[in-house]
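Here is a quick tour for anyone meeting this structure for the first time.

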Amino acid sequence: MIAATKTSANSAFHKYWVILSTRTQEDMAYRANYVFGAIFRFLPLVTMIFLWWAVYNGRKESGASPLIGGMTYEDMVVYNTLMYVARGFSSVPGTMSDISKDIKDGLLNRYLIKPINYLWYQVMYRLAHKLVFWYIALLTFPPIFLLMRNYFSHWPTLWEWAVFVVSLFIAFSIGMLFCSMVGMLAFWFLEISGFLFVVMMLEFFMSGQLIPLNILPVYLHRFLFYAPFGYEGYWPCMILMGKVPQDQLVPVLLVGFLWVAVFYGLSRWMWNMGLKRYSAVGG
Amino acid sequence: MKTLLKYLHLTGLMMRNCFVRELQFKANFVVRFFTELMWLVMQFIYIQVMYGQTGQIAGWNKWEMIVLMGTNYVIAQLFEALFYDNCVRLTDQIRQGDLDFNLIKPINTQFLVSLRYTDYASIVNSSVGLAVILFALGKLGIGVSLGGALLFGALVLNSVLIYYSILFILSVWTFWIGRSNNLMELYWQFGQFSRYPGDIYPWLLRKLLWTLIPMLVVSNVPAGLLIHKLQNGWIFYGFALGAGFLAFTVWIWQKGLQRYRSASS
């Protein structure tokens, strides 16, 4: 009995391992695309840096404090740079639209008849994408960070590094689960492509990519600090920058894990409910 | 003159054809309107937060920045309404060798592939941008004369054509490289540079954005006209640059066509 369970666990592991490695190889074939993306991805950083410089400069001229939300101009540059690392884990482009398309066009059938879990299949698929992304990023990120080295004023402690790594795991989990859930809305609403754009915009804003959450108006940031989206950008950056007080590091992680658990439960529930409604249109 | 009338008539026909298509998807129309509106609201919040920290950015106050935001929005929406889809389609047609059906028609092919499809939701959205501009001008207490409004309109059209030229050149590039997956991505990335006053950029980048990648000509010139932040010379420069870019598209289109190999057999 025990042996049988062990074998099935092994084969389950093997199954998803095969998906992961096949997908990685497939993505590697298109690595030129990734290189192209990796270079132009940094253009928005350029405008961000100069815009913030003009803002801090405006403050200096009017004699206001050189800190915005406790951050110097250098911190702001570092924040926006580290955001690329955080998003490198939390963004899973195409997940929402792929899942909703599979449901809408009835393509889900071909996964349902296979002995795999569709959601885990999606996780492996995106994980492969992330692996190739980081394979390329290991070439393009270091020069950027080297260029910015003078802006980094804080060298993280070992403890902060550890918390940061855990937060990246939370970042991927929340990004993946959230996108899957939005995609699964297609079980109930067949046409959601316009809605997806709205969701992506809100995610962009609430994860702190546009503006660090702590400088938003108080009523907004109080709420957003406890929302799941901060884990997709804001928290990993602030943790590594040493801007999260020591005694809050663990609570921040715990809230993050809580959201992962909630999202995991919710997505399983949505999947089960959704399959009952699923009519395999176009089959 | 006769040719001009013929082409105007054709444009009317293509636009009417798209309008009929659009009417079949009314819900899509509403969704598009609200998504774009939210994008505008988000940019507004961004500006609001930035100006919560300082009274001026590179010499521009908040409402001047909002005039720039509105202008940029009108231009981007008009570009997307008239040309964006067509440019995306063009890269696919070149890559898959589907250009043949357009080539055999007895009209100018560049005209046909550039203006074939119109996106009406974007045209409606551009009017929201116009409302934003008027509101911000009201806050600034700046009036606009009829001549000023006409000149602004001409400059907006000029900017739309500059955007078109850049994207068209990128699409035509497909003739040489055979694929173009990420080229359209460039539109979104370069578009970033036009959102802010040129003075926030350092010298070299600013020069580049005023000439080779004229993202500042596109937005700063029309907006600058409205809020009197522009010397007359820049208006002439803007129109000249627009004409130059447009002429270049005609030339590169001809060069590209010579490399066209049609569908693979």
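In this predicted model, helices α5(A) and α8(A) make a right-handed crossing. Helix α5 covers residues 95–104 of chain A and helix α8 covers residues 158–184 of chain A; their axes come within 7 Å and cross at roughly 35°. On the α5(A) side, the contact is made by A:Thr95, A:Met96, A:Asp98, A:Ile99 and A:Ser100. Facing them from α8(A) are A:Met176, A:Cys179, A:Ser180, A:Val182, A:Gly183 and A:Met184. Sorted by class, the contact of α5(A) with α8(A) comes out as six nonpolar residues, four polar ones and one charged.

Now for another pair in chain A. Helix α3 (residues 43–61) and helix α4 (residues 73–90) of chain A pack at an angle of about 160°, and their axes are 10 Å apart. With angles over 145 degrees counting as roughly antiparallel, α3(A) and α4(A) are therefore roughly antiparallel to each other. Their crossing, too, is right-handed. From α3(A), the residues making the contact are A:Leu45, A:Met48, A:Ile49, A:Trp52, A:Trp53 and A:Tyr56. From α4(A) come A:Tyr73, A:Met76, A:Val77, A:Asn80 and A:Thr81. The contact of α3(A) with α4(A) has nine nonpolar and two polar residues, with no charged ones.

Here are the two pairs side by side:

| Helix pair | Angle | Axes | Crossing |
|---|---|---|---|
| α5(A) and α8(A) | roughly 35° | within 7 Å | right-handed |
| α3(A) and α4(A) | about 160° | 10 Å apart | right-handed |

Next, the place where the chains meet. The contact takes 24 residues from chain A and 26 residues from chain B. Which helices of chain A each supply at least two residues of the side that touches chain B? They are α2 (31–40), α3 and α9 (193–206). Of these, α3(A) gives the most to that side, with nine residues. By class, the side of chain A that touches chain B has 17 nonpolar residues, six polar and one charged.

Nonpolar side chains tend to be buried together in soluble globular proteins. The largest nonpolar core here has 117 residues, and the ones touching the most other members are B:Ile75, B:Phe79, B:Val160 and B:Tyr163. Helix α3 of chain B, residues 62–96, gives the most to this core, with 18 residues. Zoom in on B:Phe79: leaving out residues up to four places away in sequence, B:Phe79 touches B:Tyr84, B:Val160, B:Tyr163 and B:Tyr164.

Note on methods
Residues are numbered from 1 along each chain as its sequence is written. Chains are lettered from A and ligands numbered from 1 in the order in which they are written. This is a predicted model: local features need pLDDT of at least 70, side-chain atom pairs count only at pLDDT 80 or more; totals for chains, interfaces and linings use all residues. Axes are lines fitted to C-alpha atoms, for helices over the stretch in contact, and angles run from 0 to 180 degrees between N-to-C directions. Helices (H or I, at least four residues) and strands (E, at least two) are DSSP runs, numbered from the N terminus. Angles under 35 degrees count as roughly parallel, over 145 as roughly antiparallel, 65 to 115 as roughly perpendicular and the rest as oblique. A crossing is left-handed if the near helix is turned anticlockwise from the far one by less than a right angle, and right-handed if clockwise. Two residues are in contact if their C-beta atoms, placed from the backbone, lie within 7 Å. Ala, Val, Leu, Ile, Met, Phe, Trp, Tyr, Cys and Pro count as nonpolar, Asp, Glu, Lys and Arg as charged, and the others, Gly among them, as polar. A nonpolar core is a set of buried Ala, Val, Leu, Ile, Met, Phe, Trp, Tyr and Cys residues joined through C-beta atoms within 7 Å. A residue is buried if 20 or more other C-beta atoms lie within 10 Å of its own, exposed if 12 or fewer, and partly exposed in between; C-beta atoms are placed from the backbone.
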